[in-house]
Amino acid sequence: MAIDPAAADRPITRAEHLQRIVARAFGKLPGSILVRLSGRPPVVIDGQTLDPHVQWVLSMRKKRGHKGLVEPTPQLGRARFRHECRVMGMPVTDVAAVRDFDIPGPAGPLRVRHYAPSPAEDDPQPITIYLHGGGFTIGDLDTHDEPCRILCREGRMHVLSVDYRLAPEHPFPAAADDTMAAFRWAQAHAAELGADPARVAIGGDSAGGNLTAVISIEARDDRPPVAQLLIYPATDSETRRPSEEKFSDGYFLSMADRVGFSRCYTAGTGHTGMEWRVSPLRAPDLGGVPPALVATAGFDILRDEGDEYAEALKAAGTRTEHLCFPSLGHGFIHMTTITPAARAAMVRIAQSWRALLNSTGG
């Protein structure tokens, strides 16, 4: 289905509302039925069995003729992604309060969204600066609204989601510069948001995980985050790994998508993925960075480099917890309303993340 960028924010149509209902209903069916409906046998790779709900969703996307995430243009890719997230993003997880506002950025105002948890006896609660995924090219506050809500509610914390500038209009290092500005702003204003100024953390998924790693390295010697959350992070765009071959197509994020994202992010800038600010796994020293929670998915081209980053952090002496969800694929944080395993994974991430932040003191 072609999506006009101007129509991405229109009200959900009756047909799209029906898609929501059908997707949630099918998500409640037994896995054996969903596998049969997918039209193929269970998918087993590296001893991992793809979650039946994910297998069914992938089959539906294939039948609809799903296009690449930046095809035919990044602008149309953004509109499609935003539209898909809106159609499948209901019902939303309740939190105490949500507010959008602007903060100062290096190139003008930055839009942010603050999620506040319900009051608790141990207030004030920690705050996570959240950086959305999307290859530095697609994604925004709305596409990642539900994952942030789950972090806020299940992790009992404040979340500040950042609408950083996107490539190719704003290539590297715009996203990283915006991220640092938002992080420093949050450190200075956490108390005004009702959060604990002693527990300002940073996290993100995919490209947002990359930005999280970069800022954690850059800030380690000057008011670093108390911890870093990396959900299937992109950590090395240059080295080919087995997971990129095994899951190169048909698992939400393809190698063609990744190549397109990299082109948008660095083309014409004079920078490449050989630099650690683009590929943080290439940093010469990972010592002294904040404690980390790394989450990876079994059916994901980024699986191996996420695993390697977790191991590199441990080798450098960084306290690191690594959660692997072998039955899920890239983008599972967007499937929480239709895939029980994805919901359970996101809840576990939120609770483990809170446990790590609690251990940092305050």
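Which helix supplies the largest share of the lining of the second largest pocket? Keep that in mind while walking through the structure, which is a predicted model.

**Stop 1**

Show the strands as a cartoon. An open sheet is formed by 8 strands, in the order β3-β4-β6-β5-β7-β8-β9-β10, and the pairing is mixed. Its edge strands are β3 (97-103) and β10 (320-329), each of which pairs on one side only. From one strand to the next, the twist averages 20°. As background, the strands of a sheet pair through backbone hydrogen bonds, in either a parallel or an antiparallel sense.

Strand β4 (residues 110-116) pairs with β3 in the antiparallel sense, over 7 bridges. Two of the partners can be picked out by name: alanine 97 has alanine 116 of β4 as its bridge partner, and aspartate 100 has arginine 113. β3 and β4 form a hairpin, with 6 residues between the two strands. In the turn, click on glycine 108, whose phi is positive, about 125°.

Now go to β8 (228-231). This strand runs parallel to β7, and 4 bridges join the two. Glycine 203 has leucine 229 as its bridge partner in β8.

**Stop 2**

Select residues 145-155, which make up helix α5. This helix lies across β3, β4, β5 (125-131), β6 (158-163) and β8, and runs at about 40° to β4. Then select residues 174-189, helix α6, which packs on the sheet and touches β3, β4, β5, β6 and β7 (195-205). The direction of α6 makes about 160° with that of β7.

**Stop 3: helix α2 and leucine 34**

Select residues 31-38, helix α2. Leu34, Val35 and Ser38 are buried here. Look down the axis of α2: the buried residues fall within an arc of 105°, so they line one face of the helix. Following α2 is glycine 39, with a positive phi near 85°.

Stay with leucine 34, which counts as buried because its relative accessibility is 0%. Apart from its neighbours within four places in sequence, leucine 34 is in contact with Phe26, Leu29, Pro52, His53 and Trp56.

**Stop 4**

The opening question can now be settled: helix α3 (residues 52-63) gives the largest share of the lining, 5 residues.

**Stop 5: two loops with a buried residue**

Which loop holds aspartate 300? It is the loop between β9 (292-299) and α10 (303-315). With a relative accessibility of 1%, aspartate 300 counts as buried. Its contacts, leaving aside neighbours within four places in sequence, are Tyr232, Ser243, Phe247, Leu253 and His330. The C-alpha of phenylalanine 252 lies 8.3 Å from that of aspartate 300, although the two are 48 residues apart along the chain.

From there, move to tyrosine 232, in the loop between β8 and α8 (242-246). Tyrosine 232 counts as buried too, at 1% relative accessibility.

**Stop 6: backbone angles**

Most residues other than glycine have a negative phi, and most peptide bonds are trans. The following places depart from that pattern.

- Tyrosine 232 is not a glycine, yet has a positive phi of about 30°.
- Arginine 223 is not a glycine either, and has a positive phi of about 50°. Find arginine 223 in the loop between α7 (207-218) and β8; at 49% relative accessibility, this residue counts as partly exposed.
- Glutamate 71 and proline 72 are joined by a cis peptide bond, with omega about -10°. Proline 72 sits in the loop between α3 and α4 (74-88).
- Phenylalanine 172 and proline 173 are also joined by a cis bond, with omega near 10°. Proline 173 sits in the loop between β6 and α6.

How values were computed
Residues numbered from 1 in each chain as written. Predicted model: local features only at pLDDT ≥ 70, side-chain atom pairs only at ≥ 80, totals over all residues. Heavy atoms only, no water. Pairing = 2+ DSSP bridges. Axes fitted to C-alpha atoms, helices over the stretch in contact; angles between N-to-C directions. Contact = heavy atoms within 4.5 Å. Buried < 20%, exposed > 50% of the residue type's maximum accessible area, 1.4 Å probe, protein only. Arc of directions from axis to C-beta.
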